[in-house]
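This report concerns a single protein model and its strand pairing, core and surface.

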Amino acid sequence: MQAISRFDELAEWADGIDVEDAGETLDVDALGPCVPCPQKVFGIGLNYRDHAKEAGLELPEQPMVFTKFPSCLVGPRSEVVLTSNRVDWEVELVAVIGRAGTGIPEADAGRFIAGYCIGQDISDRRMQFADRPPQFSLGKSADTFGPIGPAVVSLDSFEDPNDLRLSCDVNGERMQDGRTRDMIFAVPELVAYLSRHCTLLPGDLIFTGTPAGVGFARERYLRQDDEITSTIEPIGSLVNRCVGA
């Protein structure tokens with residue numbers, strides 16, 4: 001968390017390192033969440049046009065914001081504990097805030113982002129839609145329902161940080177395949193919108209929404225021993241196996 005809050009210094013230090021200087025190979029299986037203790041974790045609902053279409057819902061006129069409790073966060077190879085027979089996958093680009101700010105102009109949003117990581121917004125649809133109105137936060141915040149990682153990748157690593165391909169496979173079958181350019185509200189818009197309502201702090205996470213292909217649209221949900229592979233290049237992949245409660 002200290003490194004994220006000092007990401008300018010971290011970037012300056014990293015500029016002097018060559019790949020040949022690397023030591024031992026990183027054990028990705030041993031990694032925990034790349035942002036272990038954020039104060040706030042925002043989720044954005046219906047932020048891809050194709051996802052809104054498959055859900056049969058109108059496009060939102062402003063970002064639909066909910067929260068994921070930080071206790072749900074786990075690492076890039078952690079197991080996902082199923083809480084019902086209607087647990088779903090949602091691959092997402094996650095923006096990591098690196099500098100405190102309020103009232104951030106959209107044009108300056110990039111200066112406040114430490115980098116991006118991959119996220120899985122695991123969702124128990126039975127809990128989420130158990131009543132009206134739906135209960136988003138609790139249905140998306142069970143323990144292990146927030147795999148993130150494998151690393152926070154700085155924006156200068158992307159040719160175009162607003163146009164990244166993201167995909168999700170379950171047991172090797174492609175379920176989701178989209179591009180972040182298809183967001184209704186791009187990352188800079190989300191940073192500006194959220195910072196108008198509350199101060200963003202270093203380490204805060206924004207799960208920016210998911211493209212079409214989620215399980216509830218297919219009537220296909222996660223089962224014990226399913227393997228979820230979530231990929232965004234050049235960030236890498238999360239690989240999470242499902243286990244019974």
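The sections below cover the basis of the model, a sheet, a core and a surface patch.

## Basis of the model

The model is predicted, so that local features require pLDDT of at least 70 and side-chain atom pairs count only at pLDDT 80 or more, while totals for chains, interfaces and linings use all residues. Residues are numbered from 1 along each chain as its sequence is written, and side-chain values use heavy atoms, with hydrogens and water left out.

Five strands form an open sheet in the order 4-14-13-10-11, with mixed pairing. Strands are DSSP runs of E with at least two residues, helices are runs of H or I with at least four, and both are numbered from the N terminus; two strands pair if DSSP finds at least two bridges between them. The edges are strand 4 (80-81) and strand 11, each of which pairs on one side only.

Strand 10 (residues 165-170) has five of its six residues buried, where buried denotes under 20% relative accessible area, exposed over 50% and partly exposed in between (1.4 Å probe, protein chains only). Six antiparallel bridges link strand 10 to strand 11 (residues 173-179), and Val170 lies opposite Glu173 of strand 11. These two strands make a hairpin with two residues between them, and Asn171 in the turn has a positive phi of about 55 degrees.

Strand 10 also pairs with strand 13 (residues 227-232), in the antiparallel sense over five bridges; there, Ser167 has Thr231 as its bridge partner. Strand 13 in turn pairs antiparallel with strand 14 (residues 236-243) over six bridges, with Ile228 opposite Asn240.

## The nonpolar core

A nonpolar core is a set of buried Ala, Val, Leu, Ile, Met, Phe, Trp, Tyr and Cys residues joined through side-chain atoms within 4.5 Å. The largest has 58 residues, and those with the most contacts inside it are Tyr116, Val191, Leu205, Ile206 and Leu222. Strand 6 (residues 91-97) gives the most to this core, with six residues.

Beyond its neighbours within four places in sequence, Leu205 is in contact (heavy atoms within 4.5 Å) with residues including Val35, Phe42, Leu73, Val94, Val96 and Ile148.

## A surface patch

Leu10, Trp13 and Ile17 form a nonpolar surface patch with about 320 Å² of accessible area together. Such patches take residues with over 30% relative accessible area and no salt bridge, nonpolar side chains (Val, Leu, Ile, Met, Phe, Trp, Tyr) being joined within 5 Å and like charges within 9 Å. A salt bridge places a side-chain nitrogen of Lys or Arg within 4 Å of a carboxyl oxygen of Asp or Glu; accessible areas come from the Shrake-Rupley method with a 1.4 Å probe, and for residues only the protein chains shown count as cover.

Ile17 is found in the loop between helix 2 (7-14) and strand 1 (41-45), and is partly exposed at a relative accessible area of 38%.
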